[in-house]
Amino acid sequence: MKILVPVKRVIDYNVKILLKADGTGVETANVKMSMNPFDEIAVEEAVRLKEAGKATEIVAVSVGPSGCQETLRTALAMGADRAILVQTDTETQPLAVAKILKALVDKEGPTLVILGKQAIDDDCNQTGQMLAALLGWGQGTFASDVALGDGSVTVIREIDGGLETVELKLPAIVTADLRLNEPRYASLPNIMKAKKKPLETVTPAALGVDVAPRLTTLKVVEPAKRKAGVKVPDVATLVDKLKNEARVI
Amino acid sequence: MTILILAEHDNAILKPATLNTVTAAAKIGGDIHVLVAGKGAQGVAEAASKIVGVSKVLLVDDAAYEHALAEPLAAFLVEIGRNYSHILAPATSVGKNVLPRVAALLDVAAVSDITGVVSEDIFERPIYAGNAIATVQSRDGVKVVTVRTTAFEAAGPGGSAPVETVSATGNPGLSSFVSAELSKSERPELTSARIVISGGRGMQSGDNFHLLEAIADKLGAAVGASRAAVDAGFVPNDYQVGQTGKIVAPELYIAVGISGAIQHLAGMKDSKVIVAINKDEEAAIFQVADYGLVTDLFKALPELAEAL
Ligand SMILES: Cc1cc2nc3c(=O)[nH]c(=O)nc-3n(C[C@H](O)[C@H](O)[C@H](O)COP(=O)(O)OP(=O)(O)OC[C@H]3O[C@@H](n4cnc5c(N)ncnc54)[C@H](O)[C@@H]3O)c2cc1C
């Protein structure tokens, strides 16, 4: 059984972002980039399924500029077997990425695609659901547990009211939530080994996918700033302020 | 121009998130239809028909929609959705699961988690955990949009829309509901509570959350948590506030033993008044707090419960 794991290169979650002065977006030049944290969880889950003997091959995929090779190498170091970079400098939005992934699924024939539930840059939370739609597969989104059965997969989902368990026919899509697992750090020997694992590069055009953005970003601005507050010396003062100044209790 | 809203409900009760979504739809303009898809959800449809501004309620009552599974629900929405200019849903776990699937089936973009409506096709939405606000324009025939409920007021009562029953489109049979483990609480729902008190890693254990609950009960507040508190097993996952948890914007948010990581701030920094209780005066949470109390929470919480 083959698992496909798409991974996105994003600004590292610890970096405080800077907006471009012209209001067109976020500065990415000379900024630390990493694999989207949810995608690390997705890779980890795939690797664990392989270690448990349930999967035979893990193919990592990334869509974006050449720098994504680094992200793919990380996935390979974590345990993916080979990687595909769909190289483009165009801004790829979730629908375009889903179409590219659909083309790759048609070619590779995986039984499971595990994605991160959202990317921490655009915060869209769409790609997995869109890919499931295009393939006509079931989707187990926001997963905190994945159990492979015979011809089906059981997924525990984190939902607003608690947890929900669904069963999906295979092949299926799973999107990883934070508590699915704790991703491993790649060891040095594995990082070295990853350099020799195959990494193939294709283009969206070769896959027959039009990646032109559907949404136009008109501007990107800073959110309204909160004004600085005060420190209160004790609980009594706090209660007094909440009652008589803020009038919220 | 007619807008279709996917109602949020549990087959018995219409969830308040639907009301905020109606307000977002009213800002876009045009007729507003509300779709209630469920099983035995007649009462929900009647509740939806009383929302001011709604001109029609569509009720599709079928076992396929009982648990809001994305596969049958999206298949249905695609059938009827083509006739609409916009399909909206609140950005809840149901809306976020279903609407992108609908968008892809319609071959249109989805716009997630909007916080502002500029025009019928221009929307504002937070990116990078709310550290930037993007204004985006959709030129697609149908705009598929999820709405951040805290950014829009709840629409009031006063409507009297007709309820029209529509037939189901069947279940593609890709998925099935097995079970749900829902947190039960007498307290208000986190996302619509007027006051929220949240605990972080500093709480040290699930038992210690009783200290927060005592205060919550006095204030009529909901209880939330940071990711660290959920990961440590102090409280269930549905307590998590943040970029990847729930977004809240109550009148009063009290953060206790929470350091103020950007991913947490993303979920609560639009609260009207923020209080932080933390023993580390350098904690980032104080940068967004209106009132900060630098002290040991195990001293402050009993005192606070006493003072209220
Ligand atoms: C992809 C991603 C998504 C994330 N999503 C979320 C999210 O949705 N929500 C979220 O909350 N986090 C999220 N996080 C995690 C986030 O980065 C932080 O790790 C987390 O918010 C920290 O939780 P905390 O403040 O409770 O714990 P800590 O950062 O450990 O802070 C504990 C605080 O408690 C204080 N404290 C300890 N003991 C006491 C005491 N006795 N009295 C008073 N104060 C005390 C300490 O001074 C400290 O400030 C996410 C992270 C990633 C990478």
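# Exercises on a two-chain model with a ligand

Between chain A and chain B, 45 residue pairs are in polar contact, both partners at pLDDT 80 or more; a polar contact is a pair of N or O atoms within 3.5 Å, where within protein one must be able to donate a hydrogen and the other to accept it, and residues adjacent in sequence count only if both atoms are side-chain atoms. The model is predicted, so local features need pLDDT of at least 70 and side-chain atom pairs count only at pLDDT 80 or more, while totals for chains, interfaces and linings use all residues. Residues are numbered from 1 along each chain as its sequence is written, chains are lettered from A and ligands numbered from 1 in the order in which they are written, and side-chain values use heavy atoms, with hydrogens and water left out.

**Exercise 1.** Describe the interface of chain A and chain B by its contacts, its area and the classes of residue on the side of chain A.

*Solution.* 
- Step one, contacts: 69 residues of chain A touch 84 residues of chain B, with contact taken as heavy atoms within 4.5 Å.
- Step two, area: about 6,500 Å² is buried between the two chains, and carbon and sulfur atoms give 54% of that. Buried area here is the accessible area (1.4 Å probe) that two parts lose on being put together, summed over both.
- Step three, main contributors: A:Asp160, A:Leu215 and A:Arg226 lose the most area in chain A to chain B, together 12% of what that side buries.
- Step four, classes: the side of chain A that touches chain B has 35 nonpolar, 14 polar and 20 charged residues. Ala, Val, Leu, Ile, Met, Phe, Trp, Tyr, Cys and Pro count as nonpolar, Asp, Glu, Lys and Arg as charged, and the others, Gly among them, as polar.

**Exercise 2.** Find which residues of chain A pair with B:Asp107 in salt bridges.

*Solution.* 
- Step one, the rule: a salt bridge is a side-chain nitrogen of Lys or Arg within 4 Å of a carboxyl oxygen of Asp or Glu.
- Step two, the counts: the structure holds 29 salt bridges over all chains, and five are found across the interface of chain A and chain B.
- Step three, the pairs: B:Asp107 meets A:Lys99 at 2.7 Å, N to O, and A:Arg214 at 3.1 Å, N to O.
- Step four, the location: B:Asp107 sits in the loop between helix H4 (93-105) and strand E5 (110-114) of chain B and A:Lys99 in helix H3 of chain A, so their pair joins two chains. Helices (H or I, at least four residues) and strands (E, at least two) are DSSP runs, numbered from the N terminus.

**Exercise 3.** Characterise the surroundings of the ligand.

*Solution.* 
- Step one, position: the ligand lies between chains A and B, and 30 residues surround it, with B:Arg201, B:Ser226, B:Ser259, B:Gln263 and B:Asn278 the closest. A residue is near the ligand if one of its heavy atoms lies within 4 Å.
- A ligand nitrogen is 2.8 Å from a polar backbone atom of B:Val241, and a ligand nitrogen is 3.1 Å from a backbone N or O atom of B:Lys279.
- Step three, cover: the protein covers 86% of the 980 Å² of accessible area that the ligand has on its own, by the Shrake-Rupley method with a 1.4 Å probe.
- Step four, classes: the shell divides into 11 nonpolar, 14 polar and five charged residues.
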